[in-house]
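User: I am new to this structure and would like to learn how to read it. Could you take me through some features, with the general idea before each case?

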Amino acid sequence: MVASLVNRDNSEPPPHTPFHKRLRWHVANPPTSTVTWEITPEMAEEMLKLNTGNRPIKGNVVRLYAKAMKAEEWLLSGEPIIFADDGQMNDGQHRLLACIAASKPFVSDVRFGVPRGAFVVTGIGAGRTAADVFAIKGVPNSKVMAAAALWVWKYHFSEMSPPGLAMPSRAVLYEYHLTLTGLHASFR
């Protein structure tokens with residue numbers, strides 16, 4: 001499928017080339033480093049066409065990411081959307097689905113040509129928790145403060161909904177905790 005798109009001179013298609021052709025060119029001619037693109041919902045739809053062998057979609061993750069994208073809290077993290085050497089997507093389906101759900105573009109690094117076998121070791125690092133963010137920001141008793149701030153946030157904003165339904169992002173929770181002037185004093 002993608003082999004027919006290899007250019008003899010290996011030159012990248014011009015910017016006016018339709019995105020689906022540029023995407024397939026990158027799959028067939030993987031750059032040696034990542035590329036950074038502003039991904040629109042239309043581009044996300046095209047990229048998801050290459051998502052043929054991925055894990056099940058987690059709707060709560062898509063909703064959380066979409067919420068951050070709508071609120072313009074999504075940041076370029078350096079974590080790329082990854083396409084394997086066989087053309088399949090190895091990583092990025094939740095971000096792309098969130099882009100579509102939010103109807104908002106986002107900026108992301110994109111990596112091509114990674115071995116398909118690397119799928120089993122992609123995304124296995126320990127996820128950062130709110131307590132980790134609080135610790136990095138120098139908040140004393142970061143685990144307790146993050147948990148306490150979350151309970152106060154839930155009380156004020158989500159009617160104490162079950163976990164995973166109405167959760168703030170780690171960044172939002174940290175900023176919210178800064179408004180809770182008595183929270184640190186209450187912990188002894």
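Predicted model: local features only at pLDDT ≥ 70, side-chain atom pairs only at ≥ 80, totals over all residues.

User: Let's start with the layout. How many helices and strands does the protein have?

Analyst: Helices (H or I, at least four residues) and strands (E, at least two) are DSSP runs, numbered from the N terminus. The protein has eight helices and four strands. Read from the N terminus, their order is α-β-α-α-β-β-α-β-α-α-α-α.

User: What share of the residues count as buried?

Analyst: Buried means under 20% relative accessible area, exposed over 50%, and partly exposed in between (1.4 Å probe, protein chains only). Of the 188 residues in the protein, 39% count as buried. Among contacts between residues at least 6 apart in sequence, 71% join residues at least 24 apart.

User: Now the salt bridges. How many does the structure hold?

Analyst: Side chains of opposite charge can pair when their charged atoms come close. A salt bridge is a side-chain nitrogen of Lys or Arg within 4 Å of a carboxyl oxygen of Asp or Glu. The structure holds four salt bridges. One of them joins Arg24 to Glu46, with the closest N and O atoms 3.2 Å apart. This pair links distant parts of the chain: Arg24 lies in helix H1 (residues 19-28) and Glu46 in helix H2 (residues 41-48), 22 residues apart.

User: Which residues are linked with Arg24 in a network of salt bridges?

Analyst: Arg24, Glu46 and Lys49 are linked in such a network. Lys49 and Glu46 meet through their side chains at 3.2 Å, N to O. Arg24 is buried at 16% relative accessibility, and Glu46 is buried at 14%. Lys49, by contrast, is exposed, with a relative accessible area of 53%.

User: Where do the partners Glu72 and Lys104 sit in the chain?

Analyst: Glu72 forms a salt bridge with Lys104, and their closest N and O atoms are 2.9 Å apart. Glu72 is in the loop between helix H3 (59-70) and strand S2 (81-84), and Lys104 is in the loop between helix H4 (93-102) and strand S4 (106-114), 32 residues apart. Glu72 is exposed, with a relative accessible area of 60%, and Lys104 is partly exposed at 23%.

User: Back to H1 and H2. At what angle do their axes cross?

Analyst: Two packed helices are described by the angle between their axes and the distance between the axes. Axes are lines fitted to C-alpha atoms, for helices over the stretch in contact, and angles run from 0 to 180 degrees between N-to-C directions. The axes of H1 and H2 come within 10 Å and cross at roughly 45°. H1 and H2 are therefore oblique to each other; angles under 35 degrees count as roughly parallel, over 145 as roughly antiparallel, 65 to 115 as roughly perpendicular and the rest as oblique.

User: Which residues of H1 and H2 meet?

Analyst: Phe19, His20, Leu23 and Arg24 in H1 meet Met43, Glu46 and Met47 in H2. Not counting residues up to four places away in sequence, Glu46 touches Phe19, His20, Leu23 and Arg24.

User: Why is H4 described as largely enclosed?

Analyst: Seven of the ten residues of H4 are buried, so H4 is largely enclosed by the rest of the structure. The buried residues are Gln93, His94, Arg95, Leu96, Ala98, Cys99 and Ala102. They pack against strand S1 (35-39), H2, H3, S2, strand S3 (89-91) and S4. Just after H4, Ser103 takes a positive phi of about 55°.

How values were computed:
Residues numbered from 1 in each chain as written. Heavy atoms only, no water. Contact = heavy atoms within 4.5 Å.
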